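These are my notebook entries on one chain, written while I had the sequence and the coordinates open side by side.

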Amino acid sequence: MSKMKKNLLYIPIVVLSTTISLVSCNTSKNANTNLPKDISERPVDEDSQKYDQAQLDRLKASIESEVSGEKCTDANDWTFAPMGIKSCGGPQQYIAYPKKIETRILPRIKEYTDKVRIFNEKYNIMSDCIMVMPPTSLKCVNGKVRLITPENN
């Protein structure tokens, strides 16, 4: 076969390959317009109960993390405060913290409790009305503080 005939055979193959490539690239571009956006690109629905609950959970975890980073060697250096509020009144729990961080931690605990109150009212949250009793004392166990209540005495 002559060189000219071989070149003529390659031309349709090259044209066909190029056409397929261009069409497939263009098709994939257009196909993506119907797909949902990545979650990071979606607007946040700041008026949803799920969003508000996530904000509360994040604040609570931050407070608990700050306290858990402190080592308990002497229970006399620690105290506790009510945290959160049930919809029918009374705290959701008590949290122990070292007295040395009291000026820093108490405003955050109050912020959390206030936000829980607003959340409960906004979404008509119902809760059990079992009263959470305050601890009777604190104890250091393996470097961690433990709230002592009549139930776990």
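Which residues does Asn 120 touch, not counting residues up to four places away in sequence? I looked this up and found Ile 85, Lys 86, Ser 87 and Ile 125, where contact means heavy atoms within 4.5 Å. Asn 120 lies in helix α3, and I noted that Asn 120 is buried, with a relative accessible area of 10%; buried means under 20% relative accessible area, exposed over 50% and partly exposed in between, with a 1.4 Å probe and protein chains only.

**Basis of the entries**

This is a predicted model, in which local features need pLDDT of at least 70 and side-chain atom pairs count only at pLDDT 80 or more, while totals for chains, interfaces and linings use all residues. Residues are numbered from 1 along each chain as its sequence is written, and side-chain values use heavy atoms, with hydrogens and water left out.

**Overall layout**

I counted three helices and four strands in the protein chain, taking helices (H or I, at least four residues) and strands (E, at least two) as DSSP runs numbered from the N terminus. From the N terminus on, the order of these elements is α-α-β-β-α-β-β. Of the 153 residues of the protein chain, 25% count as buried. Among contacts with a separation of 6 or more, 59% are between residues 24 or more positions apart.

**Helix α2**

I then went along α2 (49-68), which has 20 residues and reaches 28 Å from its first C-alpha to its last. That is close to the 28 Å expected at 1.5 Å a residue, the expected span being 1.5 Å times one less than the number of residues. The buried residues I listed in α2 are Asp 52, Leu 56, Leu 59, Ile 63, Glu 66 and Val 67. Seen down the axis of α2, the buried residues fall within an arc of 110°, so they line one face of the helix; the arc is that of the directions from the helix axis to the C-beta atoms. Lys 50 and Arg 58 are exposed on the other side of α2, and what covers its buried residues includes β1, β2 and α3.

**The nonpolar core**

Which residues have the most contacts inside the largest nonpolar core? They are Ile 63, Ile 105, Ile 109 and Tyr 112, in a core of 21 residues. A nonpolar core here is a set of buried Ala, Val, Leu, Ile, Met, Phe, Trp, Tyr and Cys residues joined through side-chain atoms within 4.5 Å. The elements giving two or more residues to this core are α2, β1, β2 and α3, and α3 gives the most, with five residues.

**Aromatic pairs**

My search of the whole structure for aromatic pairs gave two; rings of Phe, Tyr and Trp (its six-membered ring) pair if their centres lie within 6.5 Å, and planes under 30 degrees apart count as stacked, over 60 as edge-to-face and the rest as tilted. The rings of Phe 80 and Tyr 94 have centres 5.9 Å apart and planes at 80°, so this pair is edge-to-face. The pair links distant parts of the chain, with Phe 80 in strand β1 (residues 78-83) and Tyr 94 in strand β2 (residues 93-98), 14 residues apart. Phe 80 is partly exposed at 28% relative accessibility, whereas Tyr 94 is buried at 16%. The rings of Phe 119 and Tyr 123 have centres 5.0 Å apart and planes at 55°, so this pair is tilted, and both Phe 119 and Tyr 123 are buried.

β3 and β4 pair in the antiparallel sense over five bridges, where two strands pair if DSSP finds at least two bridges between them. I noted Arg 146 in β4 as the bridge partner of Lys 139. Ile 148, found in strand β4, is buried at 6% relative accessibility, and its C-alpha atom is separated by 5.5 Å from that of Leu 138, ten residues apart along the chain.

The hairpin has two residues between its strands, and Asn 142 in the turn has a positive phi of about 50°. Asn 142 is exposed at 78% relative accessibility. I also found a positive phi of about 50° at Asn 124, although it is not a glycine. Asn 124 sits in the loop between α3 (102-122) and β3 (137-141), and is exposed, with a relative accessible area of 64%. As a reminder to myself, most residues other than glycine have a negative phi.
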